[in-house]
Amino acid sequence: MQNFFSYQIIVDKLPKTEQHYVLKADAEDCQHIKEILKIPDVKSFSADIRLILDHKTNILKLWGRAEAELILESVISLEHFTKKYKNDFELTYDTKATLKSQREEEEEISIDDNVPDVVINGKIDLSDIAIEQIALIMEDYPRKEGEKFDFKPDFNPEEGRQTPFAVLKKLK
């Protein structure tokens, strides 16, 4: 499948100045994003991203905001509803690090350390980053506002706890 919504940046070609990118998905891009997020529909999707590469330290700093208006399906009523998401984010990449070098340094890294991400094949895709930021804040089990799950057991607890065998006995 072709990746319609793609904004690839070749890291080595970035200038020393701060770069600013505005991403806005059209209808065809929204269909692509819908398939990635596995949701009923995407009404709108946009991102405002800034980045700067420090050529001395090989550290790429990236920050911005991703916004989306999504159609979700409630896990309770199975009805579709619209929800808006906004996520401000900040990421750091080490442009010279590799997955192998990070694995080797794993022993020295504590859980509190902010380890930069790795740039793979010299490129980053701003659209993938923006989609990921929205996916990170989406609920695993979406439900419409005000919906509650009310569980009603098949047996009456006042009659006492029924065992599966007691239920089978009644069938005779």
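**Figure 1. Helix α3 supplies the largest share of the lining of the largest pocket, four residues.** The model shown here and in the other views is predicted. The pocket has a volume of about 210 Å³. Besides α3 (126–137), the elements that each give at least two lining residues are β5 (80–94), β6 (117–118) and β7 (123–125). The lining is made up of Leu-91, Tyr-93, Asp-117, Val-118, Ile-120, Lys-123, Ile-124, Asp-125, Asp-128, Ile-129, Glu-132 and Gln-133. By residue class, six of these are nonpolar, five are charged and one is polar.

**Figure 2. Ala-135 in helix α3 and Met-138 in the loop between α3 and α4 (164–171).** Ala-135 is partly exposed, at 36% relative accessibility. Its C-alpha lies 6.9 Å from that of Leu-37, although 98 residues separate Ala-135 and Leu-37 in sequence. Met-138 has a relative accessible area of 14%, which means that Met-138 counts as buried, the limit being under 20%. Beyond its neighbours within four places in sequence, Met-138 contacts Leu-37, Ile-39, Leu-70, Leu-72 and Tyr-85. For Met-138 and Tyr-85, the C-alpha atoms are 7.9 Å apart and the sequence separation is 53 residues.

Figure 3. Glu-79 forms a salt bridge with Lys-144, with 2.7 Å between the closest N and O atoms. Glu-79 is partly exposed at 40% relative accessibility, and Lys-144 is partly exposed at 27%. In the other pair, the side chains of Glu-139 and Lys-83 meet at 2.5 Å, N to O.

**Figure 4. A network of salt bridges links Arg-65, Glu-67 and Asp-88.** Glu-67 is partly exposed, with a relative accessible area of 29%, and Arg-65 is partly exposed at 32%. The structure holds five salt bridges.

**Figure 5. Asp-29 in helix α1 (residues 27–37), buried and without a salt bridge.** The nearest side chain of opposite charge is Lys-24, 9.7 Å away. Not counting residues up to four places away in sequence, Asp-29 touches Phe-4, Phe-5 and Lys-24.

Notes:
Residues numbered from 1 in each chain as written. Predicted model: local features only at pLDDT ≥ 70, side-chain atom pairs only at ≥ 80, totals over all residues. Heavy atoms only, no water. 1 Å grid on protein atoms, 1.4 Å probe; cavity = no way out; pocket = protein on both sides within 12 Å on 5 of 7 lines; lining within 4 Å. Points joined across faces, edges and corners; volume = space filled by probe spheres on them. Nonpolar A, V, L, I, M, F, W, Y, C, P; charged D, E, K, R; others polar. Buried < 20%, exposed > 50% of the residue type's maximum accessible area, 1.4 Å probe, protein only. Contact = heavy atoms within 4.5 Å. Lys, Arg positive; Asp, Glu negative; His and termini not counted. Salt bridge = Lys/Arg side-chain N within 4 Å of Asp/Glu carboxyl O.
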